[in-house]
Amino acid sequence: MDRVKVLVLGDSGVGKSSLVHLLCQNQVLGNPSWTVGCSVDVRVHDYKEGTPEEKTYYIELWDVGGSVGSASSVKSTRAVFYNSVNGIIFVHDLTNKKSSQNLRRWSLEALNRDLVPTGVLVTNGDYDREQFADNQIPLLVIGTKLDQIHETKRHEVLTRTAFLAEDFNPEEINLDCTNPRYLAAGSSNAVKLSRFFDKVIEKRYFLREGNQIPGFPDRKRFGTGTLKSLHYD
(Lines give C-alpha, C1' and ligand atoms only; values in the text may rest on other atoms or scores of the structure.)
Protein backbone atom coordinates (compact mmCIF):
# COMPACT_ATOMS: atom_id res chain seq x y z
CA MET A 1 0.00 0.00 0.00
CA ASP A 2 1.31 3.49 -0.85
CA ARG A 3 2.34 5.69 2.05
CA VAL A 4 3.32 9.23 3.04
CA LYS A 5 5.51 10.56 5.85
CA VAL A 6 4.13 13.23 8.20
CA LEU A 7 6.24 14.75 10.98
CA VAL A 8 4.62 15.60 14.33
CA LEU A 9 6.64 18.43 15.91
CA GLY A 10 6.37 20.53 19.05
CA ASP A 11 7.82 21.05 22.51
CA SER A 12 8.04 18.27 25.08
CA GLY A 13 4.87 17.92 27.12
CA VAL A 14 2.42 19.38 24.58
CA GLY A 15 0.79 15.97 24.03
CA LYS A 16 2.21 14.78 20.71
CA SER A 17 2.28 11.10 21.72
CA SER A 18 -1.30 11.25 23.00
CA LEU A 19 -2.37 12.94 19.78
CA VAL A 20 -0.66 10.38 17.55
CA HIS A 21 -2.17 7.51 19.53
CA LEU A 22 -5.62 9.04 19.18
CA LEU A 23 -5.14 9.59 15.45
CA CYS A 24 -3.90 6.07 14.78
CA GLN A 25 -5.79 3.96 17.31
CA ASN A 26 -8.88 6.11 17.88
CA GLN A 27 -8.25 5.53 21.58
CA VAL A 28 -6.99 7.60 24.48
CA LEU A 29 -3.37 6.88 25.49
CA GLY A 30 -3.54 5.73 29.09
CA ASN A 31 0.03 6.30 30.24
CA PRO A 32 1.86 8.73 27.95
CA SER A 33 5.64 8.87 28.33
CA TRP A 34 8.43 11.08 27.02
CA THR A 35 9.45 10.30 23.44
CA VAL A 36 13.16 9.58 23.09
CA GLY A 37 14.40 10.13 19.55
CA CYS A 38 11.37 9.37 17.40
CA SER A 39 8.33 7.11 17.57
CA VAL A 40 6.50 6.06 14.40
CA ASP A 41 2.86 5.03 14.21
CA VAL A 42 0.59 4.46 11.22
CA ARG A 43 -2.90 5.63 10.35
CA VAL A 44 -4.95 4.22 7.48
CA HIS A 45 -6.54 7.00 5.40
CA ASP A 46 -9.01 6.86 2.54
CA TYR A 47 -7.96 9.50 0.04
CA LYS A 48 -10.94 11.36 -1.48
CA GLU A 49 -13.33 9.13 0.41
CA GLY A 50 -16.70 8.63 -1.25
CA THR A 51 -15.52 9.63 -4.72
CA PRO A 52 -14.50 7.53 -7.76
CA GLU A 53 -10.87 8.48 -6.97
CA GLU A 54 -11.00 6.93 -3.48
CA LYS A 55 -7.87 4.99 -2.56
CA THR A 56 -6.43 3.80 0.74
CA TYR A 57 -3.01 5.03 1.91
CA TYR A 58 -0.82 4.58 4.97
CA ILE A 59 -0.02 7.80 6.84
CA GLU A 60 3.26 7.41 8.76
CA LEU A 61 3.18 9.77 11.74
CA TRP A 62 6.71 10.49 13.01
CA ASP A 63 6.48 11.78 16.58
CA VAL A 64 9.83 13.54 17.09
CA GLY A 65 11.10 14.07 20.64
CA GLY A 66 10.60 17.68 21.67
CA SER A 67 13.76 18.45 23.63
CA VAL A 68 14.44 22.21 23.39
CA GLY A 69 18.14 22.00 24.20
CA SER A 70 20.19 24.50 22.25
CA ALA A 71 23.16 22.16 21.73
CA SER A 72 23.86 21.56 18.06
CA SER A 73 24.10 17.83 18.74
CA VAL A 74 20.41 17.73 19.66
CA LYS A 75 19.40 19.38 16.39
CA SER A 76 21.78 17.32 14.28
CA THR A 77 20.39 14.13 15.81
CA ARG A 78 16.83 15.16 14.96
CA ALA A 79 17.82 16.19 11.44
CA VAL A 80 17.88 12.57 10.29
CA PHE A 81 14.10 12.41 10.83
CA TYR A 82 13.50 15.41 8.56
CA ASN A 83 14.43 13.67 5.29
CA SER A 84 11.80 12.98 2.62
CA VAL A 85 8.95 14.65 4.49
CA ASN A 86 5.53 14.95 2.84
CA GLY A 87 3.67 16.90 5.54
CA ILE A 88 4.09 18.37 9.02
CA ILE A 89 1.74 18.61 12.00
CA PHE A 90 2.88 21.29 14.46
CA VAL A 91 1.52 20.76 17.98
CA HIS A 92 1.25 23.32 20.79
CA ASP A 93 -0.33 23.36 24.24
CA LEU A 94 -3.24 25.81 24.44
CA THR A 95 -2.44 26.41 28.13
CA ASN A 96 1.18 27.30 27.36
CA LYS A 97 1.65 30.29 25.05
CA LYS A 98 5.39 29.70 24.77
CA SER A 99 4.78 26.34 23.09
CA SER A 100 2.91 28.24 20.38
CA GLN A 101 5.70 30.77 20.04
CA ASN A 102 8.22 27.96 19.74
CA LEU A 103 6.51 26.64 16.61
CA ARG A 104 8.63 29.21 14.79
CA ARG A 105 11.76 27.48 16.00
CA TRP A 106 10.40 24.11 14.92
CA SER A 107 9.55 25.46 11.47
CA LEU A 108 13.05 26.90 11.17
CA GLU A 109 14.60 23.57 12.13
CA ALA A 110 12.43 21.34 9.93
CA LEU A 111 11.81 23.49 6.85
CA ASN A 112 15.07 25.34 6.46
CA ARG A 113 17.78 22.93 7.55
CA ASP A 114 20.47 24.75 5.56
CA LEU A 115 20.43 27.42 8.25
CA VAL A 116 21.63 26.82 11.79
CA PRO A 117 19.02 28.04 14.33
CA THR A 118 20.42 29.97 17.29
CA GLY A 119 20.06 28.80 20.86
CA VAL A 120 17.46 31.50 21.53
CA LEU A 121 14.00 30.07 20.87
CA VAL A 122 12.16 33.17 19.72
CA THR A 123 13.42 36.72 19.15
CA ASN A 124 12.69 39.23 16.44
CA GLY A 125 16.08 38.70 14.86
CA ASP A 126 15.99 34.92 14.63
CA TYR A 127 13.06 34.51 12.27
CA ASP A 128 12.70 35.66 8.68
CA ARG A 129 9.36 34.89 7.03
CA GLU A 130 10.85 35.22 3.55
CA GLN A 131 12.90 32.10 4.23
CA PHE A 132 9.73 30.05 3.96
CA ALA A 133 7.89 31.90 1.20
CA ASP A 134 8.27 28.98 -1.22
CA ASN A 135 7.36 26.23 1.23
CA GLN A 136 5.35 23.53 -0.55
CA ILE A 137 4.97 21.07 2.33
CA PRO A 138 1.37 20.86 3.63
CA LEU A 139 1.11 22.02 7.26
CA LEU A 140 -1.43 21.57 10.03
CA VAL A 141 -1.41 23.26 13.46
CA ILE A 142 -3.05 21.43 16.38
CA GLY A 143 -3.64 22.92 19.83
CA THR A 144 -4.04 20.41 22.66
CA LYS A 145 -5.37 20.37 26.25
CA LEU A 146 -8.53 22.29 25.38
CA ASP A 147 -10.18 20.64 28.39
CA GLN A 148 -7.79 22.44 30.73
CA ILE A 149 -8.96 25.91 29.71
CA HIS A 150 -11.78 27.36 31.79
CA GLU A 151 -14.89 28.14 29.77
CA THR A 152 -14.61 31.84 30.59
CA LYS A 153 -11.14 31.90 28.97
CA ARG A 154 -11.77 29.72 25.94
CA HIS A 155 -12.87 32.46 23.57
CA GLU A 156 -9.76 34.50 24.35
CA VAL A 157 -7.43 31.52 23.89
CA LEU A 158 -9.05 30.13 20.76
CA THR A 159 -9.07 33.48 18.99
CA ARG A 160 -5.36 33.86 19.67
CA THR A 161 -3.78 32.80 16.40
CA ALA A 162 -0.87 30.39 16.71
CA PHE A 163 2.38 32.12 15.81
CA LEU A 164 3.01 29.75 12.91
CA ALA A 165 -0.47 30.27 11.49
CA GLU A 166 0.31 33.96 10.90
CA ASP A 167 3.07 32.98 8.47
CA PHE A 168 1.76 29.88 6.66
CA ASN A 169 -2.02 30.15 7.11
CA PRO A 170 -2.49 26.39 7.67
CA GLU A 171 -5.63 24.72 8.97
CA GLU A 172 -5.92 24.80 12.77
CA ILE A 173 -7.52 22.22 15.06
CA ASN A 174 -8.02 22.56 18.82
CA LEU A 175 -8.89 19.50 20.88
CA ASP A 176 -8.65 17.42 24.02
CA CYS A 177 -6.61 14.27 23.36
CA THR A 178 -8.42 12.49 26.20
CA ASN A 179 -11.76 12.74 24.38
CA PRO A 180 -12.15 10.99 20.98
CA ARG A 181 -15.31 12.97 20.20
CA TYR A 182 -13.16 15.91 19.10
CA LEU A 183 -12.21 13.85 16.04
CA ALA A 184 -15.56 12.10 15.57
CA ALA A 185 -16.49 11.26 11.98
CA GLY A 186 -18.26 14.18 10.33
CA SER A 187 -17.03 16.77 12.84
CA SER A 188 -15.32 19.92 11.60
CA ASN A 189 -12.03 18.70 13.07
CA ALA A 190 -12.30 15.36 11.27
CA VAL A 191 -13.01 17.18 8.00
CA LYS A 192 -9.96 19.43 8.44
CA LEU A 193 -7.78 16.43 9.26
CA SER A 194 -8.99 14.48 6.24
CA ARG A 195 -8.46 17.50 4.00
CA PHE A 196 -4.90 17.85 5.29
CA PHE A 197 -4.06 14.19 4.66
CA ASP A 198 -5.60 14.41 1.18
CA LYS A 199 -3.37 17.41 0.45
CA VAL A 200 -0.29 15.54 1.68
CA ILE A 201 -1.10 12.60 -0.60
CA GLU A 202 -1.75 14.87 -3.57
CA LYS A 203 1.61 16.61 -3.10
CA ARG A 204 3.35 13.25 -2.77
CA TYR A 205 1.77 11.36 -5.65
CA PHE A 206 -0.10 13.67 -8.00
CA LEU A 207 1.42 17.17 -8.05
CA ARG A 208 5.07 16.39 -8.68
CA GLU A 209 6.78 15.27 -11.85
CA GLY A 210 6.94 11.52 -11.99
CA ASN A 211 4.25 11.38 -9.30
CA GLN A 212 6.90 10.95 -6.60
CA ILE A 213 9.07 13.13 -4.41
CA PRO A 214 12.76 12.40 -5.09
CA GLY A 215 14.62 10.66 -2.29
CA PHE A 216 11.65 8.92 -0.66
CA PRO A 217 12.98 5.43 0.04
CA ASP A 218 11.16 2.37 -1.25
CA ARG A 219 10.79 0.77 2.13
CA LYS A 220 9.21 -2.54 3.02
CA ARG A 221 5.41 -2.52 2.79
CA PHE A 222 3.49 -2.67 6.03
CA GLY A 223 1.01 -5.35 6.97
CA THR A 224 -2.49 -4.69 8.27
CA GLY A 225 -1.26 -4.00 11.79
CA THR A 226 0.12 -0.80 13.24
CA LEU A 227 3.84 -0.16 13.05
CA LYS A 228 5.49 1.10 16.20
CA SER A 229 9.23 1.60 16.33
CA LEU A 230 11.62 3.58 18.48
CA HIS A 231 14.90 5.26 17.60
CA TYR A 232 17.16 6.61 20.30
CA ASP A 233 19.37 9.67 20.40
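Let me start with Asn 26, which counts as exposed because its relative accessibility is 55%; exposed means over 50% relative accessible area, buried under 20%, and partly exposed in between, with a 1.4 Å probe and protein chains only. Asn 26 sits in the loop between helix 1 and strand 2. Its phi is near 55°, a positive value in a residue other than glycine. Ser 84 is not a glycine either, and has a positive phi of about 55°. Ser 84 is in the loop between helix 2 (72-79) and strand 4 (87-93).

A word on the source. This is a predicted model, in which local features need pLDDT of at least 70 and side-chain atom pairs count only at pLDDT 80 or more, while totals for chains, interfaces and linings use all residues. Residues are numbered from 1 along each chain as its sequence is written, and side-chain values use heavy atoms, with hydrogens and water left out.

Now the overall layout. The protein has seven helices and seven strands; these are DSSP runs numbered from the N terminus, helices being H or I with at least four residues and strands E with at least two. Along the sequence the pattern reads β-α-β-β-α-β-α-α-β-α-α-β-α-β. Of the 233 residues, 44% are buried. Take the contacts, meaning heavy atoms within 4.5 Å: among those between residues at least 6 apart in sequence, 72% join residues at least 24 apart.

Next, helix 7. Helix 7 covers residues 188-205, 18 residues in total, and spans 26 Å from first C-alpha to last, close to the 26 Å expected at 1.5 Å a residue; the expected span is 1.5 Å times one less than the number of residues. Its buried residues include Asn 189, Ala 190, Phe 196, Phe 197 and Asp 198.

A pocket here is an open set of points on a 1 Å grid over the protein atoms alone, where a 1.4 Å probe fits, with protein on both sides within 12 Å along at least five of seven lines; lining residues have an atom within 4 Å of a point. The lining has 18 residues, and Arg 43, Glu 49, Ala 185, Ala 190 and Ser 194 lie nearest the centre. Helix 1 (16-25), strand 2 (38-47) and helix 7 are the elements giving two or more residues to that lining. Which element gives the largest share of the lining? Helix 7 does, with five residues.
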